[in-house]
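Morning, everyone. I have one structure for you today. Let me put it on the screen.

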Amino acid sequence: MIYSVLTSKTPYEPKPRPGSPRVTVIRSDKRIQRMASSQKISVREITRASQLQISKSTVHKRIIESGYMSHSKMARRLPLSKLHISKRLQWARNRMSYSDKWMAVLFSDDKKWNLDGPSGNIK
């Protein structure tokens with residue numbers, strides 16, 4: 001292979017890669033990367049805002065190609081409200097004075113044991 005390349009009279013050119021051509025151009029790639037880095041928005045929202053006929057997976061690939069952004073899932077739940085925080089704090093303060101009642105509390109590692117058969121996990 002190497003000998004034939006070195007002895008051939010035509011210059012070596014790599015073969016074109018298989019697959020479909022890119023849907024986006026460099027300008028739209030930069031725009032997608034800018035939107036992803038400047039705001040905390042999902043890939044779906046970037047797809048809608050880009051005004052291009054591209055899929056979510058294409059947007060995700062362009063974000064990953066940037067190299068300096070890491071992929072992470074957004075939090076699905078809302079942060080605790082002031083009311084919830086105060087109720088949790090009051091609950092904890094009520095239980096600080098348990099003293100000898102803690103001897104009746106059983107602490108476990110919350111392992112689920114199925115006595116009637118396997119749960120699908122095999123070890």
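Take contacts between residues at least 6 apart in sequence: in this protein chain, 49% of them join residues at least 24 apart. Keep in mind that this is a predicted model.

Now the layout. The secondary structure comes to 5 helices and 0 strands. Along the sequence, that reads α-α-α-α-α. The chain has 123 residues, and 14% of them count as buried. Its accessible surface is about 12400 Å². Carbon and sulfur atoms hold 57% of that area.

Next, helix α4, residues 56–65. Which of its residues are buried? Four names: T58, V59, R62 and I63. Look down the axis of α4: these buried residues fall within an arc of 140 degrees, so they line one face of the helix. And what do they pack against? Two helices: α2, residues 26–38, and α3, residues 43–50. Just after α4 comes G67, with a positive phi of about 90 degrees.

Now to the surface. W102, V105 and F107 form a nonpolar patch there. Let's pick out F107. Where does F107 sit? In the segment after α5, the helix that spans 82–95. Is F107 buried or exposed? The cut-off for exposed is over 50% relative accessible area. F107 has 64%, so it counts as exposed.

To recap two spots. On α4, buried residues line one face and pack against α2 and α3.

Note on methods. Residues are numbered from 1 along each chain as its sequence is written. This is a predicted model: local features need pLDDT of at least 70, side-chain atom pairs count only at pLDDT 80 or more; totals for chains, interfaces and linings use all residues. Side-chain values use heavy atoms; hydrogens and water are left out. Patches are made of residues with over 30% relative accessible area and no salt bridge: like charges are joined within 9 Å, nonpolar side chains (Val, Leu, Ile, Met, Phe, Trp, Tyr) within 5 Å. Accessible areas come from the Shrake-Rupley method with a 1.4 Å probe; for residues, only the protein chains shown count as cover. A salt bridge is a side-chain nitrogen of Lys or Arg within 4 Å of a carboxyl oxygen of Asp or Glu. Buried means under 20% relative accessible area, exposed over 50%, partly exposed in between (1.4 Å probe, protein chains only). The arc is that of the directions from the helix axis to the C-beta atoms. Contact means heavy atoms within 4.5 Å.
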